[in-house]
Amino acid sequence: MPSLRRVLAFAALSGAVLALAAPARADRVRNPIAVFAGLDKITGRIISFEVAIDETVQFGALQLTPRVCWTRPPTEAPQTTTFTEVDEVTFNNEYRRIFTGWMYAASPGLHGVEHAIYDVWLTDCKGGTELVVDPKEPEAAPPPNAEQKRERPVRPARETPPGGNQRIDVAPPQGVPVQPRAPTQRFFPTNPVPGGRDPAGSN
């Protein structure tokens, strides 16, 4: 029967080997495919579609281009994120960037696309085998000195126009104009086509 010392030494050695073999806490897996879900608020129909990284697809009036899609190794807490650009195609065939940022599969409402008709959110990332080790976070910068702190000037409030005639301005179109992109796939959830694909699209 092995002694207590041998058992403890074996346990310590096994723990050290596992610690060296396990990935670091900040490791991420780069995935080539992002999986999205899209909702048409008019019909209430939801479809799921896959998009390759740097590929542009169209869902309704929205064009999505994911730039990266990250997951965590199985040994860590799951966290699935993507950095995506979303453009809206208007009725006048103008393209406007309405969203650029991170989407989180665990919290679809945290950073989502705000649109009157369509909702799009990330559900998963697929196909990743490349493990990327993030560098350590840099040390926090020292707080600014009192001399560096400057207060913003207070702007005077707008005066109401004379005569009491107040005009209500219409909000300008949201987003920034961008160059059009040709989508590789089109998904229109209002079409009665299996899978929701546009018959005029390439796929």
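**A walk through one predicted chain**

T43 has a relative accessibility of 46%, so it counts as partly exposed. On that scale, buried means under 20% relative accessible area, exposed means over 50%, and partly exposed is what falls in between, using a 1.4 Å probe and protein chains only. T43 sits in the loop that joins β2 to β3. Its C-alpha atom is 9.6 Å from that of I117, although 74 residues along the chain separate T43 and I117.

Before going on, a word on what we are looking at. This is a predicted model, where local features need pLDDT of at least 70 and side-chain atom pairs count only at pLDDT 80 or more, while totals for chains, interfaces and linings use all residues. Residues are numbered from 1 along each chain as its sequence is written, and side-chain values use heavy atoms, with hydrogens and water left out.

Now the overall layout. The protein chain has 1 helix and 11 strands. Helices (H or I, at least four residues) and strands (E, at least two) are DSSP runs, numbered from the N terminus. Reading from the N terminus, the order is α-β-β-β-β-β-β-β-β-β-β-β. The protein chain contains 203 residues, and 30% of them are buried.

Next, the inside. Which residues touch the most other members of the largest nonpolar core? They are F36, F49, F59 and L64, in a core of 20 residues. Two or more core residues come from each of β2 (33–40), β3 (45–52), β4 (57–59), β5 (62–71), β7 (95–104) and β8 (118–126). The top contributor is β8, which gives 4 residues. As for the term, a nonpolar core is a set of buried Ala, Val, Leu, Ile, Met, Phe, Trp, Tyr and Cys residues joined through side-chain atoms within 4.5 Å.

On to the aromatic rings. Rings of Phe, Tyr and Trp (its six-membered ring) pair if their centres lie within 6.5 Å; planes under 30 degrees apart are stacked, over 60 edge-to-face, and the rest tilted. How many aromatic pairs does that rule give? The count is 5. Take F49 and F187: their ring centres are 4.9 Å apart and their planes stand at 25 degrees, so this pair is stacked. F49 belongs to strand β3 and F187 to strand β11 (residues 185–187), so the pair ties together parts 138 residues apart in sequence. Are these two residues buried or exposed? F49 is buried, at 2% relative accessibility, and F187 is buried as well, at 3%.

A second pair is F59 with Y118. Here the ring centres are 5.4 Å apart and the planes are at 75 degrees, so the pair is edge-to-face. It links distant parts of the chain, with F59 in strand β4 and Y118 in strand β8, 59 residues apart. F59 has 0% relative accessibility and is buried; Y118, at 11%, is buried too. Taken together, ring pairs join F36, F49, F59, Y118 and F187 into a cluster.

One more ring is worth a look. What sits over the ring of W70? The charged end of R28 does, 3.8 Å from the ring centre. A charge sits over a ring if NZ of Lys or CZ of Arg is within 6 Å of the ring centre and within 35 degrees of the ring normal.

Last, back to the loops. Most residues other than glycine have a negative phi. D54 is not a glycine, yet its phi is positive, near 70 degrees. You will find D54 in the loop between β3 and β4, and its relative accessible area of 48% makes it partly exposed. N93 is another case: it is not a glycine, and its phi is positive at about 60 degrees. N93 lies in the loop between β6 (81–89) and β7, and with a relative accessible area of 55%, N93 is exposed.

A105 is partly exposed, with a relative accessible area of 23%. Its C-alpha atom lies 9.1 Å from that of F36, and A105 and F36 are 69 residues apart along the chain.
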